[in-house]
Amino acid sequence: MNLEMSETLVRTGSGTRMGSLMRCYWIPILKSNEIAEPDCPPVRVQVLSEKLLAFRDTDGNPGIIDEFCSHRGVSLFFGRNEENGIRCAYHGVKFDRNGQCVDVPSSPKACAHMHIKSYPCIERGGIVWAYMGSKDRMPPPVDLEWVTLPESHVHVSRRWQECNYLQAMEGGIDTAHVSYVHRYEVDIDPMHQGTKALDYIKADGNVVFEIEKMPFGLTLFGRRNGEEDSYYWRITQWLFPWYTLIAPFGDHSMAGHIFVPMDDHNCWVWSVNFHPHKPLSDEERRELELGKGIHVEYEEGSLRPKANKDNDYLIDRQAQKDKRSYSGVFGFALQDSSLQESMGPIQDREAEHLLPTDRAIVMARRMLHDAVIGMEKGEQPPALDAAAQHVRSAGVLLDRSVNPVEWARAHLNNNLDKPIYTV
C-alpha cells in the first residue's frame with residue numbers, strides 16, 4: 001500500500017476523504033444504558049475526531065450535540081441536563097437535543113445566532129447511533145441481525161483501543177491468526193467449549209482462503225482440513241465500512257465487532273455476542289459481563305482495558321511457556337489489541353511484507369479506497385441499503401467436492417431465517 005492510499009484510509013477527521021465517506025453511514029456512539037434515564041448526566045464521546053456530548057432529555061429522547069457552548073467555548077459536560085436541554089454552567093445558555101439555542105438569559109434575542117452542531121440519532125440494539133453526514137442523503141437505519149433481536153439475546157460492550165481503526169479492523173478481518181495467538185485461549189473460553197471446530201483450527205494452521213466480493217463487502221472462506229472426506233470452512237464477513245462477523249462455535253452465541261475511529265490514533269472497538277434463536281443463559285451473560293471472550297475488564301471509571309500498554313497487558317511469560325497463553329496475554333480482545341497497538345498508533349504499511357493469507361485485507365483496503373474515489377466522482381457509497389447487512393457467518397464441514405461459495409449463497413446470504421450452521 002503506497003503512502004497516498006495509506007494516508008487516505010487512516011485519516012478520518014472532518015473534511016478528510018475517508019472521514020467524508022464514513023459520515024455517510026450510521027455510527028455507533030455509545031450504549032443506551034450509558035444515558036439510561038431522562039435528565040441523566042451527559043457523557044462525552046469522541047468519534048471521527050469530533051468531541052461530542054450525549055444526553056437523554058426530559059422526554060427520554062437521546063441527543064448528540066457538540067460538546068462546547070457557542071458562547072465562550074465551555075464544555076457542556078459541566079452543564080445542567082434539565083427541562084429538555086443542556087444549560088451551560090458558565091452563563092446559562094441553553095441548547096436542546098437538536099443543538100438549537102433555546103435560551104440566552106442575558107440576551108434572549110441572541111438565540112437565533114447561538115445554535116451548535118447536532119446529529120440525528122436513533123436507538124437500535126441497545127446502542128445510540130448518529131448520522132454525521134449530509135442530511136439529504138441519510139441512509140435507512142442499521143439492520144444487522146443482532147440489532148433486531150430482543151435484549152435478552154444480545155450482549156454488547158465497547159472499549160478504547162489505542163491505535164488507528166484500520167489496523168484494529170484488519171485484525172478483525174484476518175482469521176488466520178486464530179490458529180496462533182488464540183490457540184490456547186479457546187480451550188478455556190466458555191463460548192468455545194465442546195466444539196469439534198477447535199480440533200480443526202489447532203490441527204491445521206495453514207488456512208487457505210477463498211474470498212468473494214459482495215455488495216456488503218467481503219465474505220471470507222477459510223479452509224482447514226476436517227475429516228477425511230471433508231473440509232472445515234470458517235465463513236466470516238467484513239461489512240462496509242467497519243463491521244465484522246465471527247463464525248459461531250457449536251451451540252454457543254454468534255459474535256461480531258464494529259471498529260469506529262475515535263481519532264487518527266485511537267478507536268472504539270465494539271464487541272457483540274448474540275444468539276438469534278434463544279436468550280443468552282445466565283452463565284453466559286455473567287461471563288461476558290466479567291469481560292471474558294471478546295470483551296474486557298476495564299480500569300475503574302473508564303472504558304480503557306485494565307490490561308493495557310502501560311502494564312504490558314499483564315503479560316505472563318510463565319503461562320506462555322506452559323502453553324496456557326500463546327503470547328502470554330489473556331483474553332481474545334487483549335491478545336488482539338496488544339499486537340495491534342504494538343504496531344504504533346498508525347502502522348507503517350509501506351514497510352510490511354504481505355502473505356497469501358492477507359488477501360482479504362488487501363481487498364478491503366482497495367474497496368475502501370475505491371469507495372472514496374467513487375464518492376468524489378459522484379457515485380453512491382457501497383452498502384447504504386440496510387438490506388445488504390442481512391448476512392450470517394458460519395462454521396461448517398462440507399464434502400471436499402462442495403463449492404463453499406455456492407453453498408454460502410444458498411444458506412447464508414439474505415437467509416437469516418435459516419438454521420445456524422456450525423460445528
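Is Lys-196 buried, partly exposed or exposed? With a relative accessibility of 42%, Lys-196 counts as partly exposed; buried means under 20% relative accessible area, exposed over 50%, and partly exposed in between, using a 1.4 Å probe and protein chains only.

The model is predicted: local features need pLDDT of at least 70, side-chain atom pairs count only at pLDDT 80 or more, and totals for chains, interfaces and linings use all residues. Residues are numbered from 1 along each chain as its sequence is written, and side-chain values use heavy atoms, with hydrogens and water left out.

**Salt bridges**

Side chains of opposite charge can pair when their charged atoms come close. The structure holds 28 salt bridges, a salt bridge being a side-chain nitrogen of Lys or Arg within 4 Å of a carboxyl oxygen of Asp or Glu. The table lists examples.

| Pair | N to O distance |
|---|---|
| Glu-34 and Arg-158 | 2.8 Å |
| Glu-83 and Lys-94 | 3.9 Å |
| Asp-199 and Lys-196 | 3.8 Å |

The salt bridge between Glu-34 and Arg-158 links distant parts of the chain, 124 residues apart: Glu-34 is in the loop between strand E1 (26-31) and strand E2 (43-47), and Arg-158 is in strand E12. Strands (E, at least two residues) and helices (H or I, at least four) are DSSP runs, numbered from the N terminus. Glu-34 is partly exposed, at a relative accessible area of 25%, whereas Arg-158 is buried, at 3% relative accessibility.

In the salt bridge of Glu-83 and Lys-94, Glu-83 lies in the loop between strand E5 (80-81) and strand E6 (86-87) and Lys-94 in strand E7 (residues 94-95), so this pair ties together parts that are 11 residues apart in sequence. Glu-83 counts as exposed at 60% relative accessibility, while Lys-94 counts as buried at 6%.

Asp-199, the salt-bridge partner of Lys-196, is partly exposed, with 43% relative accessibility. Elsewhere, a network of salt bridges links Glu-162, Glu-299, Arg-304, Lys-309 and Asp-310.

**A covered helix**

Helix H7 (residues 332-342) is mostly covered, with 9 of its 11 residues buried. Among the buried residues are Phe-332, Leu-334, Asp-336 and Glu-341. Strand E12 (154-161) and helix H3 (165-173) are included in what covers the buried residues of H7, where contact means heavy atoms within 4.5 Å. Gly-344, with a positive phi near 100°, follows H7.

E15 and E16 pair in the antiparallel sense over 3 bridges; two strands pair if DSSP finds at least two bridges between them. A hairpin of 3 residues joins E15 to E16. E16 also pairs with strand E17 (residues 254-263), in the antiparallel sense over 4 bridges, and Ile-246 stands opposite Ala-255 in E17. Strand E16 (residues 243-246) is covered on both faces: Tyr-243 and Leu-245 on one side, and Thr-244 and Ile-246 on the other, are all buried.

Gln-237 belongs to strand E15 (residues 230-239) and has Leu-245 as its bridge partner in E16. Gln-237 is buried, with a relative accessible area of 3%. The side chain of Gln-237 reaches the backbone oxygen of Arg-392 at 3.1 Å. Not counting residues up to four places away in sequence, the residues that Gln-237 touches include Phe-216, Leu-218, Val-391, Ser-393 and Leu-412.

Note on methods:
A polar contact is a pair of N or O atoms within 3.5 Å; within protein, one must be able to donate a hydrogen and the other to accept it, and residues adjacent in sequence count only if both atoms are side-chain atoms.
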